[in-house]
Amino acid sequence: MDGGDSSGAGAGGAVAAAAKWRSDASRAFQYYLDRSTPHATGRWLGTLAAAAIYALRVYMVQGFYIVTYGLGIYLLNLLIGFLSPMVDPELDPSAAAEGPALPTRGSDEFKPFIRRLPEFKFWYAITKAFVIAFVMTFFSVFDVPVFWPILLCYWIVLFVLTMKRQIVHMIKYKYVPFSIGKQKYGGKKTGSSVSSPKD
């Protein structure tokens, strides 16, 4: 009886310790993830490094093309969400009836472009996808033999058709999902811009 109780207590302690470790690890991961939010350039450079490592791995093993194709389809889906507005005038008639909900040129009131998929979530999903795909390349069950040029051609056709539809949507509703060329406002200038007091 006592031996059974002690083994049960030991198992319960191990489960509690594992749960605490998982909670601490999750909290630490979220902390560093939150701290990376303002550093967009560094985050994207890290994602480019992850993509390069994945591409090198696929090139070295000469396989896992079906995993790469699935990754490409997923990235295309994320890109469409990143380029699309939060409220699509084609899908929400009430938004279209109230007038343009997207930034337009001319005398219309400026309304900022709000993405369906924010930049940070876009980056996080892409990075996680590359990491998962990289891990999958270590399991031969995912290495399905396929003729990769057919998959590549199909993905290129799908990409062109999807982007053409997205560009037509941008032109129709007069919005640009990027802030390139838009006026930016900075804070107060310091240093040489401060005038010296008169004598």
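1. Q166 sits in helix α6, residues 148–173. Leaving aside neighbours within four places in sequence, Q166 is in contact with I80, L83, S84 and Y175; contact here means heavy atoms within 4.5 Å.

2. Before you go further, please keep in mind that this is a predicted model, in which local features need pLDDT of at least 70 and side-chain atom pairs count only at pLDDT 80 or more, while totals for chains, interfaces and linings use all residues. Residues are numbered from 1 along each chain as its sequence is written, and side-chain values use heavy atoms, with hydrogens and water left out.

3. Now for the overall picture. The protein has six helices and zero strands, so that its elements read α-α-α-α-α-α from the N terminus on. Helices (H or I, at least four residues) and strands (E, at least two) are DSSP runs, numbered from the N terminus.

4. Of the 199 residues in the protein, 23% are buried. The accessible surface comes to about 14,800 Å², and 67% of that belongs to carbon and sulfur atoms; such areas come from the Shrake-Rupley method with a 1.4 Å probe, and for residues only the protein chains shown count as cover. Among contacts between residues at least 6 apart in sequence, 82% join residues at least 24 apart.

5. Do look at the pair α2 and α5. Helix α2 (residues 40–61) and helix α5 (residues 119–136) pack at an angle of about 25 degrees, and their axes are 9 Å apart. The axes are lines fitted to C-alpha atoms, for helices over the stretch in contact, with angles running from 0 to 180 degrees between N-to-C directions. The two helices are therefore roughly parallel to each other, as angles under 35 degrees count as roughly parallel, over 145 as roughly antiparallel, 65 to 115 as roughly perpendicular and the rest as oblique.

6. Which residues of α2 and α5 make the contact? On the α2 side they include W44, I53 and Y54, and on the α5 side F120, W123 and F130 are among them. The residues of this contact divide into 13 nonpolar, two polar and three charged. Ala, Val, Leu, Ile, Met, Phe, Trp, Tyr, Cys and Pro count as nonpolar, Asp, Glu, Lys and Arg as charged, and the others, Gly among them, as polar.

7. Next, visit L71 in helix α3. L71 is buried, with a relative accessible area of 8%. Apart from neighbours within four places in sequence, L71 is in contact with Y54, A129, F130 and A133. The C-alpha atoms of L71 and A129 are separated by 7.0 Å, although the two residues are 58 residues apart along the chain.

8. G72 is also found in helix α3, residues 65–83. Is G72 buried or exposed? At 13% relative accessibility, G72 counts as buried. G72 and W155 are 83 residues apart in sequence and 7.5 Å apart in space, C-alpha to C-alpha.

9. Finally, the loop between α2 and α3 deserves a glance. Q62 is placed in this loop and has a positive phi of about 55 degrees although it is not a glycine. F64 has its place in the loop between α2 and α3 too, with a positive phi near 60 degrees in a residue other than glycine. At 6% relative accessibility, F64 counts as buried.

Key:
Buried < 20%, exposed > 50% of the residue type's maximum accessible area, 1.4 Å probe, protein only.
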